[in-house]
Amino acid sequence: MAVTFYNLNSQAGVKKLDEYLLTRSYITGYQASKDDVTVYGAFQSAPSSEYVNVLRWYNHIDALLKRSGVTAEGKGVSISGFSPPCVEAPVSPPVTDAKAPAAEDDDDDIDLFGEETEEEKKAAEERAAAVKASGRKKESGKSSVLLDVKPWDDETDMKKLEEAVRSVQMEGLHWGVSKLVPVGYGIKKLQIMMTIVDDLVSVDTLIEEQLTSEPANEYIQSCDIVAFNKI
């Protein structure tokens, strides 16, 4: 399913993208793809820090392009330079006892500028209430994630760094195998696998609020997502 973004060099366009990336690490799918490169290329410069989700995504894609490039095919994305114009509907002659034919749904594109109607909002609230009342949890998928965890310098104790990583525990998170990989100038980085329950763990939140925040940031300089795959 292709995704459509409008005027990414306007505040309205970037705000919509920021909302879109609130629950996503990439434009489409679970790893960086050519769709990310397409949207990245639509920016004339790095987005404002006001748009936290967009800036986090932009910096990650920028780092990938500088380091190894992005080759995975995406699901399709299109960029429009302007917001969709408002077109006044033409006046039609009255029709007796007949309903206007419903417009065909276009499932190929998602318009991020679309507004929910009151009926849609009410229906969504009713569905949420029904799920809550039933006490049943939605079946959630799992993902396998490979992280690069980098120290501050060659004097960082890598054993304590790994202990700091594994000390982060939460429901739906399981740490797997790890290894040290030479970076250069005597510095090594930690590569570590983890398995997450998608509905319970946000990788971006894990990195920003746990791994690169106190007390772990005493040893950890930065974290990058190397691979993100659905299980």
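Biologist: Where does Ser-33 lie?

Modeller: Ser-33 lies in the loop between helix H1 (11-20) and helix H2 (34-41). Helices are DSSP runs of H or I with at least four residues, strands are runs of E with at least two, and both are numbered from the N terminus. This is a predicted model, in which local features need pLDDT of at least 70 and side-chain atom pairs count only at pLDDT 80 or more, while totals for chains, interfaces and linings use all residues. Residues are numbered from 1 along each chain as its sequence is written, and side-chain values use heavy atoms, with hydrogens and water left out.

Biologist: Why does Ser-33 count as buried?

Modeller: Buried means under 20% relative accessible area, exposed means over 50%, and partly exposed is in between, with a 1.4 Å probe and protein chains only. Ser-33 has 2% relative accessibility, and therefore counts as buried. Leaving aside neighbours within four places in sequence, Ser-33 is in contact (heavy atoms within 4.5 Å) with Thr-28, Val-70, Ala-72, Glu-73 and Gly-74.

Biologist: Why is Leu-146 called buried?

Modeller: Leu-146, in strand S4, has a relative accessible area of 18%, so the residue is buried. Not counting residues up to four places away in sequence, Leu-146 touches Gln-191, Ile-192, Met-193, Asp-224, Ile-225, Val-226 and Ala-227. Leu-146 and Ser-178 are 32 residues apart in sequence and 9.3 Å apart in space, C-alpha to C-alpha.

Biologist: What makes Ser-222 a buried residue, and which side chain makes a polar contact with the side chain of Ser-222?

Modeller: Ser-222, found in strand S7, is buried because its relative accessible area is 19%. A polar contact is a pair of N or O atoms within 3.5 Å; within protein, one must be able to donate a hydrogen and the other to accept it, and residues adjacent in sequence count only if both atoms are side-chain atoms. The side chain of Ser-222 makes such a contact with the side chain of Gln-221, at 2.9 Å. Beyond four places in sequence, Ser-222 touches Asp-148, Val-149, Lys-150 and Thr-212.

Biologist: Why is strand S1 described as largely enclosed by the rest of the structure?

Modeller: Five of the five residues of S1 (residues 2-6) are buried, so the strand is largely enclosed. Ala-2, Thr-4 and Tyr-6 point one way, and Val-3 and Phe-5 the other.

Biologist: What joins S1 to strand S2?

Modeller: Two strands pair if DSSP finds at least two bridges between them. S1 and S2 (residues 77-80) run parallel and are joined by four bridges; Phe-5 stands opposite Ile-79 in S2.

Biologist: How many bridges join strand S5 to strand S6?

Modeller: Nine bridges join S5 (residues 173-184) to S6 (residues 187-197), and these strands run antiparallel. Ser-178 stands opposite Ile-192 in S6. The two strands form a hairpin with two residues between them, and Tyr-185 in the turn has a positive phi of about 55°.

Biologist: How do you know that the buried residues of helix H5 line one face?

Modeller: In H5 (residues 158-166), the buried residues are Met-158, Leu-161, Ala-164 and Val-165. Seen down the axis of H5, they fall within an arc of 110°, so they line one face of the helix. The arc is that of the directions from the helix axis to the C-beta atoms. These residues pack against S4 (142-151), S5, S6, helix H6 (203-211) and S7 (220-230). At the start of H5, a side-chain oxygen of Asp-157 reaches to within 3.0 Å of the backbone nitrogen of Lys-159.

Biologist: Which residues are buried in H6, and why are they said to line one face?

Modeller: The buried residues of H6 are Val-203, Asp-204, Leu-206, Ile-207 and Leu-211. Down the axis of H6 they fall within an arc of 165°, so they line one face of the helix. Their cover includes H3, S4, H5, S5, S6 and S7.

Biologist: Which residues touch the most other members of the largest nonpolar core?

Modeller: A nonpolar core is a set of buried Ala, Val, Leu, Ile, Met, Phe, Trp, Tyr and Cys residues joined through side-chain atoms within 4.5 Å. Of the 47 residues in the largest one, Leu-17, Leu-147, Trp-175 and Leu-211 touch the most other members. Helix H3 (residues 52-67) gives the largest share, five residues.
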